Amino acid sequence: EPSPTYILRRGNYLTPGRLVEPGLPAVLTHGSTAIVTRPSTDQAPGTGRRLALARWLTQPEHPLTSRVIANRIWKHHFQHGIVKSLDNFGRAGSRPTHPELLDWLALELVESGWSIKHLHRIIMSSATYRQQSKVTEEHLRQDPDNTRLSRMPLRRMDAEMLRDAL
């Protein structure tokens, strides 16, 4: 039996407030905050709350999870995400530079069974990834900030990367 959870007044564990049931934030679920938990078995002991949260996060129609993962993988390869504000996909965050690309990568991630390796393979075999990083006058004139990815961004290597390359 899980222990009861309370809202803590002013964040102090010594002053518990009202009792809360397991659920999701209403702002993320259009008002339906309940989660469906399954009773534990001998093979999988526990309340099933974390599993229910994981299932909710990874459902194919979830709007954010796959986009956030795809954006972070893109940032790993290109120094900047398609959405520059990695930690904020909301209204206060920046708009995606290539929204169709982000949606396509997110869909590929879900359709491949959430295979991160598949997404890396798609990005690394693209013409965008295989571009030269040489900066020409034409690049500077047409795309000075490289927002349209007209060239591969230069990457500074840290000591560990240099050692591994040797």
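Helices (H or I, at least four residues) and strands (E, at least two) are taken here as DSSP runs, numbered from the N terminus. The structure is a predicted model, in which local features need pLDDT of at least 70 and side-chain atom pairs count only at pLDDT 80 or more, while totals for chains, interfaces and linings use all residues. Residues are numbered from 1 along each chain as its sequence is written, and side-chain values use heavy atoms, with hydrogens and water left out.

With a relative accessible area of 39%, Met124 is partly exposed; buried means under 20% relative accessible area, exposed over 50%, and partly exposed in between (1.4 Å probe, protein chains only). Contact means heavy atoms within 4.5 Å. Not counting residues up to four places away in sequence, Met124 touches His77, Tyr129 and Arg130. Between the C-alpha atoms of Met124 and Trp74 there are 9.9 Å, although 50 residues separate the two along the chain.

Trp74 also takes part in the meeting of two helices, α3 and α4. The axes of α3 (residues 65–78) and α4 (residues 99–111) come within 8 Å and cross at roughly 110°. Axes are lines fitted to C-alpha atoms, for helices over the stretch in contact, and angles run from 0 to 180 degrees between N-to-C directions.

Charged pairs come next. A salt bridge is a side-chain nitrogen of Lys or Arg within 4 Å of a carboxyl oxygen of Asp or Glu, and by this rule the count comes to three. One of them joins Arg67 to Asp103, with the closest N and O atoms 2.8 Å apart. Arg67 lies in helix α3 and Asp103 in helix α4, so this pair ties together parts that are 36 residues apart in sequence. Both partners are partly exposed, Arg67 with a relative accessible area of 26% and Asp103 with 35%.

Arg72 forms a salt bridge with Asp87, again with the closest N and O atoms at 2.8 Å. Here Arg72 sits in helix α3 and Asp87 in the loop between α3 and α4, 15 residues apart, and the pair links distant parts of the chain. Arg72 is partly exposed at 41% relative accessible area, whereas Asp87 is exposed at 71%. Asp164 pairs with Arg163, the closest N and O atoms being 3.0 Å apart. Asp164 is exposed, with a relative accessible area of 53%, and Arg163 counts as exposed too, at 56%.

Asp143 presents another picture. This residue is placed in the loop between α6 (137–142) and α7 (159–165). Asp143 is buried yet has no salt bridge, and the nearest side chain of opposite charge, Arg148, is 4.4 Å away. In assigning charge, Lys and Arg count as positive and Asp and Glu as negative, while His and the chain ends are not counted. Leaving aside neighbours within four places in sequence, Asp143 is in contact with Glu138, Arg148, Leu149, Ser150 and Arg151.

The backbone also deserves a look. Most residues other than glycine have a negative phi. Arg10, however, has a positive phi near 55°. Arg10 lies in the loop between β1 (5–8) and β2 (16–20) and counts as exposed at 86% relative accessibility. Gln79, which is not a glycine, has a positive phi of about 70°. Gln79 is found in the loop between α3 and α4 and is partly exposed, with a relative accessible area of 30%.

Finally, Ala26 belongs to helix α1 (residues 26–29) and is partly exposed, with a relative accessible area of 41%. The C-alpha atoms of Ala26 and Asp103 are separated by 24 Å, the two residues being 77 apart along the chain.
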